[in-house]
Amino acid sequence: MLVDSFGRVATDLRVSLTDKCNLRCAYCMPPEGLDWLPKPELLTADEICRLVAIGVERLGVTEIRFTGGEPLLRREVLDIVARSAALRPRPQLSITSNGIGLTRLAGPLAEAGLDRVNISLDTLDREAFARLTRRDRLPDVLAGLAAADAAGLRPVKVNAVLMRGVNDSEAPHLLRYCLEHGYELRFIEQMPLDAQHGWRRENMVTADEILSILSREFTLTPDDPAGRGSAPAEVFLVDGGPARVGVIGSVTRPFCGACDRVRLTADGQIRNCLFATEESDLRAALRSGADDDELALRWVAAVRGKRAGHGIDDPSFLQPSRPMSAIGG
């Protein structure tokens, strides 16, 4: 089992398939993009599947989320999903995507064994979307959402980051859109994971502010807080339910005490926290001939050193050197 010194058990594995992305979201990377990882440094599909198998078969991983960058840019994504779905015990499989490419891949992903998707969507205004992402691709994202729903990749979850003075007024509109289409919306506080290191707490729209904005137009009722478990989102019934909306207060309402996540980067590093400043290298051991037992032991040791919390409110907090696209959400 992947147990840390505080007794938390990691069962949710986030696997980054690539650091590349076809958008340039302002809160993630600069307009010109980033220097992508050289191909020799990336794990091969076989290496990814071997490590995933160790996690599932030996270390108690029960849920796998494929991330990026944009995971749909990984050529072998269907093969990786299918091989993961064939593992026993079978893990729950999901993907976090920007939605571009799902019109082509939603059906094949469902056939390969994917269970559901999380799709990022911060605005429904086409011009605002182009400003935020520096790409005019909103119609493709909306079509991707519809394709995922049609393929049965449900619940289709939508992730939205609100930025002060940019799209914070759109929260009710986003919620109405998701309610109309049967999607589950999650608002996420903007986190200090941008490549430019320009994040400022005072510019962040907090969970309290998000709830206040929504409460002007909707009646929100907490949905069984005791049943939240390790889920990052606080969930609320909308106008009595059954529709729900979630708020992930990663900064102002941290849920570190119940965290069950561990991350494998596209270049084979284990990160026991999204905000960790240290990593444990499995790629080097894997490529130097380590057997599955040794790789499992290295993984266990990496998780054991997990800190009590991310420490964003601590004066000594240092933003990770890697941006979100290079870590994998």
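Cys28 sits in the loop between β1 and α1, and Cys25 lies in that loop too. Helices (H or I, at least four residues) and strands (E, at least two) are DSSP runs, numbered from the N terminus. This is a predicted model, where local features need pLDDT of at least 70, side-chain atom pairs count only at pLDDT 80 or more, and totals for chains, interfaces and linings use all residues. Residues are numbered from 1 along each chain as its sequence is written, and side-chain values use heavy atoms, with hydrogens and water left out.

UniProt, in an unreviewed entry, lists Cys21, Cys25 and Cys28 under "binding site"; such annotations may be inferred rather than shown by experiment. Leaving aside residues up to four places away in sequence, Cys25 touches Leu132, Thr133 and Arg134 (contact means heavy atoms within 4.5 Å).

Here are some buried residues (under 20% relative accessible area, 1.4 Å probe, protein chains only):

| Residue | Relative accessible area |
|---|---|
| Cys25 | 15% |
| Cys28 | 13% |
| Asp4 | 6% |

Asp4 is in the segment before β1. Its side chain makes a polar contact of 2.6 Å with that of Arg8 (a pair of N or O atoms within 3.5 Å, one able to donate a hydrogen and the other to accept it; residues adjacent in sequence count only if both atoms are side-chain atoms). Beyond four places in sequence, Asp4 touches Val303, Arg304 and Lys306.

On to helix α9. Its buried residues are Leu295, Ala296, Trp299, Val300, Ala302 and Val303. They fall within an arc of 160° seen down the axis of α9, so they line one face of the helix (the arc is that of the directions from the helix axis to the C-beta atoms). Their packing partners include β1 (12–16) and α1 (45–59).

Terms used:
Buried < 20%, exposed > 50% of the residue type's maximum accessible area, 1.4 Å probe, protein only.
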